[in-house]
Amino acid sequence: MTVSHPPPRRAPRAAACLAAALLLPAAGMFAQAAPEAAAPQPALPEPALPEPTLPEPDSGSPGEPYRLLRTLQSIQDRTAHGSREALKLQSPLLSQIEQQLLATPDAAWQEPRNARAALSFVLSGGSPVILRKLARLDPPPAVAPELLKGVLAYVEGDEEEALAQLENVDPRALAPGLDGRIALVQSTLLARRDPETAMARLDLSRLLLPGTLIDEGALRREMFFAGQLGKREKFKTLAKHYLQRYPRSVYAGDFHQRFSAALVRLDMTGTEEEARWLSDLLAALDRPAQININLILARQALSQGKTRMAALGATRALELASEDSTARERAKLYRAAAIIVNENEFAQGKQALLSIDRKRLPPDDVGLLESAIYLARRIRDLPGMPEAPAPRASDEAAAVAERAGGGMEPQLDATVTRIRQLISDSDRLIDEELGS
């Protein structure tokens, strides 16, 4: 039986169903996206640090391994504080040090500092070939056998063997430098099996090597764990520490992704208190970084159907972005896509969608815009939803968009095809709910 006068509160429920059709297809994409797939990070000015230089090649015997490692660690630590010149030097320096380590006489590996340096070198991105050489030495190098076997297994991808060798090692009993690195390795090996212990190892790694790239990386990972485990206060504390200590890190883009994903996962729904906390937390960053984080937050929240959080991030980005910028158009899109599911804001959201300059959007967002406009029209056709006002004659962009979409569906790629299926399912559920 068809109900001619449906209850007045049915329409918002219907709008929510259609919103799910818009938001759900992107969820898998963002769950798997690598940090490199994010929007380009804003270029930050280089900090006032002396630029690192490669060590001069030794024309005679190779340098002591532990001295070579100090050079590498110094350069890597500078990347945590924003030196992109240091980042460029890492690859050639790793190659040069590898050659010198391979040329080091076997007797030098009887010096514990040198043997430990070989382990730290490999854990800093160096080739495991030097550890394979050390594993064949007779007499063996001056390092605990379980450390040599465990680190070699770890860098070769044998996690089971690495865990068997390293799980019971106490990092605090190791020499400075190697201690924090082994704690970081243990956290990685324990992450799936025992995330609580993995977090404790990250805390220890940071305690043992403060101010280093190890500390910076451990903070990023631990924040991710805290978000996964629902530890809100721990997450907030770690995020604050990171932004206070490493705001210029060359790996800040990865932090932006992890931070935003954790906010969404923690179901922080954009209350006024959370909005103030987020604003205060990001206030120490420069404007481009704040815009970037808010845009990532809005996009990821949309992909998970968290429209309130999406609107919060998009609104903050709108307040910060300059006129006629790509960031501003993206923020307008995300906010509009978030508010069209709200009965009181539907008209405003649809009008905003029609005013967006799609030429300023990246390709993925153009698809989102087309899908949002299409779904807004479907929502408008449902019973009880307010009619969106026609675009003003003076608003050329809105008029063009309306004409382009009038009477035809947007070009539908594979993602939008999936959206149409979800719309069909939603329509069926809505009809059932209304008694049709």
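Guide: Let us begin with Tyr 246, which lies in the loop between helix 12 and helix 13 (252-265). The model under discussion is a predicted one.

Visitor: Is Tyr 246 buried or exposed?
Guide: A residue counts as buried under 20% relative accessible area. Tyr 246 has a relative accessibility of 1%. Tyr 246 is therefore classed as buried.

Visitor: Which residues does Tyr 246 touch, not counting residues up to four places away in sequence, and how many Å separate the C-alpha atoms of Tyr 246 and Ala 80?
Guide: The residues touched by Tyr 246, with those up to four places away in sequence not counted, are Ala 80, His 81, Gly 211, Thr 212, Asp 215, Glu 216 and Leu 219. Of these, Ala 80 is 166 residues apart from Tyr 246 along the chain. The separation of their C-alpha atoms is 6.4 Å.

Visitor: Where is Asp 215 found, and is Asp 215 buried or exposed?
Guide: Asp 215 belongs to helix 11 (residues 213-228). Leaving aside neighbours within four places in sequence, its contacts are Arg 206, Leu 209, Pro 210, Arg 245 and Tyr 246. With a relative accessibility of 0%, Asp 215 counts as buried.

Visitor: Which residues form one aromatic cluster?
Guide: By the ring-centre rule, 7 aromatic pairs are counted. One aromatic cluster includes Tyr 246.

Visitor: How are the rings of Phe 235 and Trp 277 arranged?
Guide: Their ring centres are 6.5 Å apart and their planes stand at 50°. Planes under 30 degrees apart count as stacked and those over 60 as edge-to-face, the rest being tilted. The pair of Phe 235 and Trp 277 is therefore tilted.

Visitor: How many residues apart are Phe 235 and Trp 277, and is each of them buried or exposed?
Guide: The pair links distant parts of the chain, with Phe 235 in helix 12 and Trp 277 in helix 14, 42 residues apart. Phe 235 has a relative accessible area of 0% and is buried. Trp 277, at 19% relative accessibility, likewise counts as buried.

Visitor: Are helix 12 and helix 14 roughly parallel or roughly antiparallel?
Guide: Helix 12 (residues 232-245) and helix 14 (residues 272-282) pack with axes 10 Å apart, at an angle of about 25°. Angles under 35 degrees count as roughly parallel. Helix 12 and helix 14 are therefore roughly parallel.

Visitor: Which residues make the contact of helix 12 with helix 14, and how many are nonpolar, polar and charged?
Guide: Helix 12 contributes Arg 232, Phe 235, Lys 236, Ala 239, Lys 240 and Leu 243. Helix 14 contributes Glu 274, Trp 277, Leu 281 and Leu 282. By class, this contact has 6 nonpolar, no polar and 4 charged residues.

Visitor: Is Leu 189 buried or exposed, and which residues does Leu 189 touch?
Guide: Leu 189 is found in helix 9 (residues 178-190) and, at 9% relative accessibility, counts as buried. The C-alpha atoms of Leu 189 and Leu 166 are 9.2 Å apart, although 23 residues separate the two along the chain. Not counting residues up to four places away in sequence, Leu 189 touches Tyr 154, Glu 159, Ala 162, Leu 163 and Leu 166.

Visitor: Which residues does a cis peptide bond join?
Guide: Pro 139 is found in the loop between helix 6 (129-135) and helix 7 (145-155). For the cis bond, omega is about 5°. The residues joined are Asp 138 and Pro 139.

Visitor: What phi has Asp 324, and is Asp 324 buried or exposed?
Guide: Asp 324 is placed in the loop between helix 16 (307-320) and helix 17 (326-339). Although not a glycine, Asp 324 has a positive phi of about 60°. Its relative accessible area of 58% is over the 50% cut-off, so Asp 324 is exposed.

Visitor: How many helices and strands has the chain, and what percentage of the residues are buried?
Guide: The chain has 21 helices and 0 strands. Among contacts between residues at least 6 apart in sequence, 69% join residues at least 24 apart. Of the 436 residues in the chain, the buried share is 48%.

Conventions. Residues are numbered from 1 along each chain as its sequence is written. This is a predicted model: local features need pLDDT of at least 70, side-chain atom pairs count only at pLDDT 80 or more; totals for chains, interfaces and linings use all residues. Side-chain values use heavy atoms; hydrogens and water are left out. Axes are lines fitted to C-alpha atoms, for helices over the stretch in contact, and angles run from 0 to 180 degrees between N-to-C directions. Helices (H or I, at least four residues) and strands (E, at least two) are DSSP runs, numbered from the N terminus. Angles under 35 degrees count as roughly parallel, over 145 as roughly antiparallel, 65 to 115 as roughly perpendicular and the rest as oblique. Contact means heavy atoms within 4.5 Å. Ala, Val, Leu, Ile, Met, Phe, Trp, Tyr, Cys and Pro count as nonpolar, Asp, Glu, Lys and Arg as charged, and the others, Gly among them, as polar. Rings of Phe, Tyr and Trp (its six-membered ring) pair if their centres lie within 6.5 Å; planes under 30 degrees apart count as stacked, over 60 as edge-to-face and the rest as tilted. Buried means under 20% relative accessible area, exposed over 50%, partly exposed in between (1.4 Å probe, protein chains only).
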